[in-house]
Amino acid sequence: MGIIGDSLDRAATATATRPIPKSAGAQIRFLVKHEKGSTRIVAQRLGISQRTVERYLKGQIKSPRPELAAKLAGEVRKDWQPRVRERAKKQAATSTGIVIETRARFGFTAAPGSTDDGRIRRITQQLPPQYAARLFDAQAAGATERQLQNIAAEGLQEQYFKDGGRRADGLVVEFTDIDYIELDYS
């Protein structure tokens, strides 16, 4: 995915209430259970052979090489505690909203006489639940990175730059050159 989609995924994994299994064998067992016993699907997800997955299950291999360990932990995090993750998303989309912390270039289209030169800004802003819901819905529908970026830009425009409609009427914000972005709704 892109930078905003990845940040949404990281925010979702941060909602976990328990740590993921520590050992490689326990992580493999979790993935096999999640895939309804299919060692073939787990092998495809990890990029290893089906026989290697079976050897981890039997305890014949105990410690994976570092790149496989990272891939294994990442795959477990994707599927870990789905109900907790959905509950946190639902709460963010209905009541608490989402926090965006970013450093990016913001340009403006505004009334004549104002500057429209883009500047790098570091912003941390709480967005209301409707923007969280739009981001989650767009991500679930397979939206492009640009569409997710537009939703985030609109939220920052309304909440940070227009202060909830109290100032800068007619201002349109351009959100480009994202250096980093972190989202949180836990």
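These legends describe close-up views of a predicted model. Residues are numbered from 1 along each chain as its sequence is written, and side-chain values use heavy atoms, with hydrogens and water left out. Because the model is predicted, local features need pLDDT of at least 70 and side-chain atom pairs count only at pLDDT 80 or more, whereas totals for chains, interfaces and linings use all residues.

**View 1. The three-stranded sheet.** An open sheet of three strands has the order E2-E1-E3, with antiparallel pairing; strands (E, at least two residues) and helices (H or I, at least four) are DSSP runs numbered from the N terminus, and two strands pair if DSSP finds at least two bridges between them. E2 and E3 stand at the edges with a single partner strand each, so one side of each has no neighbour in the sheet. From one strand to the next, the twist averages 30°, where angles run from 0 to 180 degrees between N-to-C directions and axes are lines fitted to C-alpha atoms, for helices over the stretch in contact.

**View 2. Partners along strand E1.** Strand E1 (residues 98-109) is joined by nine bridges to the antiparallel strand E2 (residues 119-127), and Ile98 stands opposite Leu127 in E2. On E3 (residues 172-184), which also runs antiparallel to E1, 10 bridges are made with E1; here Arg103 has Tyr180 as its bridge partner, while Glu101 stands opposite Glu182.

**View 3. Helices H1 and H7.** Helix H1 (residues 3-13) packs with helix H7 (residues 129-140) at an angle of about 105°, their axes being 11 Å apart. H1 and H7 are therefore roughly perpendicular to each other, a term used for angles of 65 to 115 degrees. Gly5, Leu8 and Asp9 in H1 meet Leu135, Phe136 and Gln139 in H7, where contact means heavy atoms within 4.5 Å.

**View 4. The largest pocket.** The largest pocket holds about 170 Å³ of space, a volume being the space filled by probe spheres set on grid points that are joined across faces, edges and corners. A pocket is an open set of points, on a 1 Å grid over the protein atoms alone, where a 1.4 Å probe fits, with protein on both sides within 12 Å along at least five of seven lines, and lining residues have an atom within 4 Å of a point. Of the 13 lining residues, Ala88, Gln91, Thr96, Tyr185 and Ser186 lie nearest the centre of the pocket, and helix H6 (residues 82-96) gives the most to the lining, with six residues.

Definitions and conventions. Angles under 35 degrees count as roughly parallel, over 145 as roughly antiparallel, 65 to 115 as roughly perpendicular and the rest as oblique.
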